[in-house]
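Q: Got a structure open here and want to go through the sheet. Can you take me through it?

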Amino acid sequence: MRFLLTDEQREFAQALDGMLGTSGTPAVARAWAAGDHRPGRALWTRIAEAGVWGLGVPEQHGGSGLLPVELALSFEQLGRHAVPGPLVETVAAAVFLERLGASTEAGEWLPRIASGGAVLSLCAGAGPYAANAADPAPYALDADAADAVLVIQGDTVCRSDTHGPVQSSLDPARRLARPLDGTVLARGPAVTAAAAHAVEVARLLTAAQSLGLGRALLAATVSYVKQRTQFRVPVGSFQAVKHRLADTLIGLEFARPLVHAAALALAAGSPSAGREVAAAKVAAGEAGYAAARTALQLHGAIGYTEELPLSLWIRKARPLRDAWGTPADCRARVLAE
């Protein structure tokens, strides 16, 4: 397969990159981690105006239809700029409601998601499509910021409007809480089928986020090793440093076509889409995590400090690698098919 982005797709990604680059996302992420969601919700609206959330919403509800390739490009930029919030979960919730055919819920939430007026979180508990099948009461990402949380457990989906205490996370901007007092929305095979599709979309977008995150970490590290000197020469001139950076770049470059191919397979409804999405999730997640480890090591002692803006990216890498299916889960999906 030879895949090239169209001019429109490249321009869309560049425009989104430019907008996010002037939005002060490090400050937004720090405010979000502290529980202040106002800057994040303002940025959420700007992202909606760029058309991102509408890419996961059908046209009849004010969106553009499900466009996996454009969504993957968008989430690569969201990852590159460390935008906080339940980004993947909101789109996955929209996809789930549309596929489920729950007309009342879809009519209520999908137009609001497309316009940026609603933030949803989606989590999967026990069941064949669970993010962690051993956890019967899953944590929801950013339940304190979401307008509602959809909880899928087996063949049942509930909507929760309340949650338990917010728990700390490896990434302070990923705030976790257990949803409470759920109202059952639907039961049966339709829930299971819709959940399977939503999980595939969530894995694809998480892979794209990891890819963008890794590329941002690599760029920041390359810039730093050109400035930092040892023995009166830049440390970037040392062969060991060059090899480490080259390995990181190769991992990211191998992951990117897998993410694009998975998006194409999902858009075409290919029977192999689940396998391709799982493969992309493994490759991008591992590449992003490797980029974080490289950035941490080559930045030396300052790489460990929370004051360094780079920490906002470094601390996202492992949670993204494991979200919506650990590498072991995704490898098992590839081997099973």
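Predicted model: local features only at pLDDT ≥ 70, side-chain atom pairs only at ≥ 80, totals over all residues.

Q: How many residues of strand 1 are buried, then?

A: Five of the five, so strand 1 is largely enclosed by the rest of the structure. Buried here means under 20% relative accessible area.

Q: Which way do strand 1 and strand 3 run, parallel or antiparallel?

A: Parallel, with five bridges joining strand 1 to strand 3. Within that pairing, Leu 122 has Leu 150 in strand 3 as its bridge partner.

Q: And what about strand 3 and strand 4, parallel or antiparallel?

A: Antiparallel: strand 3 (residues 148-153) and strand 4 (residues 156-160) are joined by five bridges. Ile 152 stands opposite Val 157 in strand 4.

Q: Zooming out, what is the strand order of the open sheet?

A: The order is 1-3-4-8, four strands with mixed pairing.

Q: Which strands stand at the edges?

A: Strand 1 (120-124) and strand 8 (183-187). Each has a single partner strand, so one side of each is left without a neighbour in the sheet. From one strand to the next, the twist averages 20°.

Q: Change of topic: helices. Where does helix 6 lie?

A: Helix 6 (residues 103-115) lies across strand 1, strand 3, strand 4 and strand 8.

Q: At what angle to strand 4?

A: Helix 6 runs at about 60° to strand 4.

How values were computed
Residues numbered from 1 in each chain as written. Heavy atoms only, no water. Pairing = 2+ DSSP bridges. Helix = DSSP H or I, 4+ residues; strand = E, 2+ residues; numbered from the N terminus. Axes fitted to C-alpha atoms, helices over the stretch in contact; angles between N-to-C directions. Contact = heavy atoms within 4.5 Å. Buried < 20%, exposed > 50% of the residue type's maximum accessible area, 1.4 Å probe, protein only.
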